[in-house]
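Student: I would like to go through this structure with you. Could we begin with the terms and then turn to the details?

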Amino acid sequence: MNMEWMAWTLPTAIFFIVIFLIVTAMTIWQTVSPSVGRRGFLPLTTTPGDRLFIGLICAAFIHIAWIGLTDLSLWIVFPLAVAWVIVVMIWG
Amino acid sequence: MNKWENNRAWLLTIPVLIIVAFSAIIPLMTVVNYSVQDIFGPGQRIFVGTEMFRSVLHDYRLRDALWRQFLFSGLVLLIEMPLGVLIALAMPKKGWSVSLALVVLALPLLIPWNTIGTIWMIFTRPDIGLFGATINNVLGIPFDHTASPIDAWITLMLMEVWHWTPLVALLAYAGLRAIPDVYYQAAKIDGASPWATFRYIQLPKMRGVLTIALLLRFMDSFLIYAEPFVLTGGGPGNSTTFLSIYLVKLAVGQFDLGTAAAFSLIYFLIVEVLCFLFYQALQNVGKGANP
């Protein structure tokens, strides 16, 4: 199958594989022990899937803000974004 | 209840998943791939990392388009929501005139979007348009939506209000019809003024449909493309260049696929957040519908 039209690059491939693995892991987790919504520091009742979604969207905006406001490397903000996703997943 | 038996129903969603994969997910992944590269043609591309995002985020035209977009959506909501409620309150309550009013109101909603742009383009032309020629020649006020940014905005707002206020009015009317008569009887016994009836009976009872109308109108006006594209083409200058118009200029006009892809992703993220808030608000409306 010719995938040239999708213009793949190694970084985006890694990005999508990681997202795919996270979603698969969440699916298996959900199947093994179904989750119930609960209230954390976010102002709404969330399931782990909701929190993952919120965390990833926040991470995207953190990266965009970093690119927009600074000229520094993205690797500096990347751990912060990951930490934020984990914080939202656990206490959100 | 057997958990595994229930989960088998998920298999039925596979056709939808396949369709969504080909219509949305794979194109979106391609856009992500485009956004980190400079594309010259088929097979000719170089990886540029976050350069495209950097140039898009430092592009003042994009920021202008974003503020313009929020201004447009804000004005649309400020005008259409109260006007729609007023129309709904003024509509007949029984008899043949109800059907007539509903059909007349729904007419603008049935016209294809680019046709609406064409209708208003001709209608407001200063030389031959009924509206434009009347304003210019009879009233003597210079009005030309192709030359003056203010006139272009007025024309756009008129078109948008004419096109979409009926939706708000129809939703509000449906909300009003759903209020049982006993509430009005109770208000009458208490000697409530029309304003008090509106404030304490009609408005709270319309909360659900008005939330839906508000969010629908916000999302639609935020994604608007066809009508302003046909009416003004984003001009004069850039005064009515909204996000979607600017995006198409980048991607199709200049063939800057990388820049356009980075821009699309940022636009997509904004819309995604709005969709999420939309969904949450709707959930809450569903819960609080019958307090």
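Tutor: Let us begin with burial: a residue is buried if 20 or more other C-beta atoms lie within 10 Å of its own, exposed if 12 or fewer, and partly exposed in between, with C-beta atoms placed from the backbone. The model is predicted, so local features need pLDDT of at least 70 and side-chain atom pairs count only at pLDDT 80 or more, while totals for chains, interfaces and linings use all residues. Residues are numbered from 1 along each chain as its sequence is written, and chains are lettered from A and ligands numbered from 1 in the order in which they are written.

Student: Is A169(B) buried or exposed?

Tutor: A169(B) is buried, because 25 other C-beta atoms lie within 10 Å. It is found in helix 8 (residues 149-177) of chain B; helices (H or I, at least four residues) and strands (E, at least two) are DSSP runs, numbered from the N terminus.

Student: And which residues is A169(B) in contact with, leaving aside neighbours within four places in sequence?

Tutor: They are G84(B), I87(B), A88(B) and L105(B), where contact requires that the C-beta atoms, placed from the backbone, lie within 7 Å.

Student: Changing topic: how many residues of chain A are in contact with chain B?

Tutor: There are 17 residues of chain A in contact with 21 residues of chain B. On the chain A side, the elements giving two or more residues are helix 1 (10-32) and helix 2 (48-69). Helix 2 of chain A gives the most, with six residues.

Student: What is the make-up of that side by class?

Tutor: It has twelve nonpolar, four polar and one charged residues. Here Ala, Val, Leu, Ile, Met, Phe, Trp, Tyr, Cys and Pro count as nonpolar, Asp, Glu, Lys and Arg as charged, and the others, Gly among them, as polar.

Student: Which residues of helix 2 of chain A are buried?

Tutor: R51(A), W66(A) and I67(A) are buried in helix 2 of chain A. Seen down the helix axis, the buried residues fall within an arc of 140°, so they line one face of the helix; the arc is that of the directions from the helix axis to the C-beta atoms. The face turned away from the buried side carries the exposed residues A65(A) and L69(A).

Student: What covers those buried residues of helix 2 of chain A?

Tutor: The cover includes strand 2 (45-46) and helix 3 (74-91) of chain A, together with helix 3 of chain B.

Student: What about helix 1 of chain A: how many of its 23 residues are buried?

Tutor: The number buried is one, so helix 1 of chain A lies largely in the open.

Student: Now the largest nonpolar core. Which members touch the most others?

Tutor: Of its 29 residues, these are V56(B), Y246(B), L247(B), A261(B), A262(B) and F263(B). A nonpolar core is a set of buried Ala, Val, Leu, Ile, Met, Phe, Trp, Tyr and Cys residues joined through C-beta atoms within 7 Å. The elements that give two or more residues to this core include helix 2 of chain A and helix 14 (257-287) of chain B. Helix 14 of chain B supplies the largest share, eight residues. Apart from this core lies another, of twelve residues, among them A88(B), V168(B), L170(B) and L210(B).

Student: How do strand 1 and strand 2 of chain B run, parallel or antiparallel?

Tutor: Strand 1 (residues 37-41) and strand 2 (residues 44-47) of chain B run antiparallel and are joined by four bridges; strands pair if DSSP finds at least two bridges between them. Q37(B) has F47(B) as its bridge partner, and I39(B) stands opposite R45(B). The two strands form a hairpin with two residues between them, and G43(B) in the turn has a positive phi of about 80°.

Student: Where is A7(A), and what is its phi?

Tutor: A7(A) is in the segment before helix 1 of chain A. Its phi is positive, about 55°, although A7(A) is not a glycine. A7(A) is buried, with 24 other C-beta atoms within 10 Å.

Student: And F255(B), buried or exposed?

Tutor: F255(B) is exposed, with 12 other C-beta atoms within 10 Å. It is in the loop between helix 13 and helix 14 of chain B, and its phi is positive, near 55°. Most residues other than glycine have a negative phi.

How values were computed:
Two residues are in contact if their C-beta atoms, placed from the backbone, lie within 7 Å.
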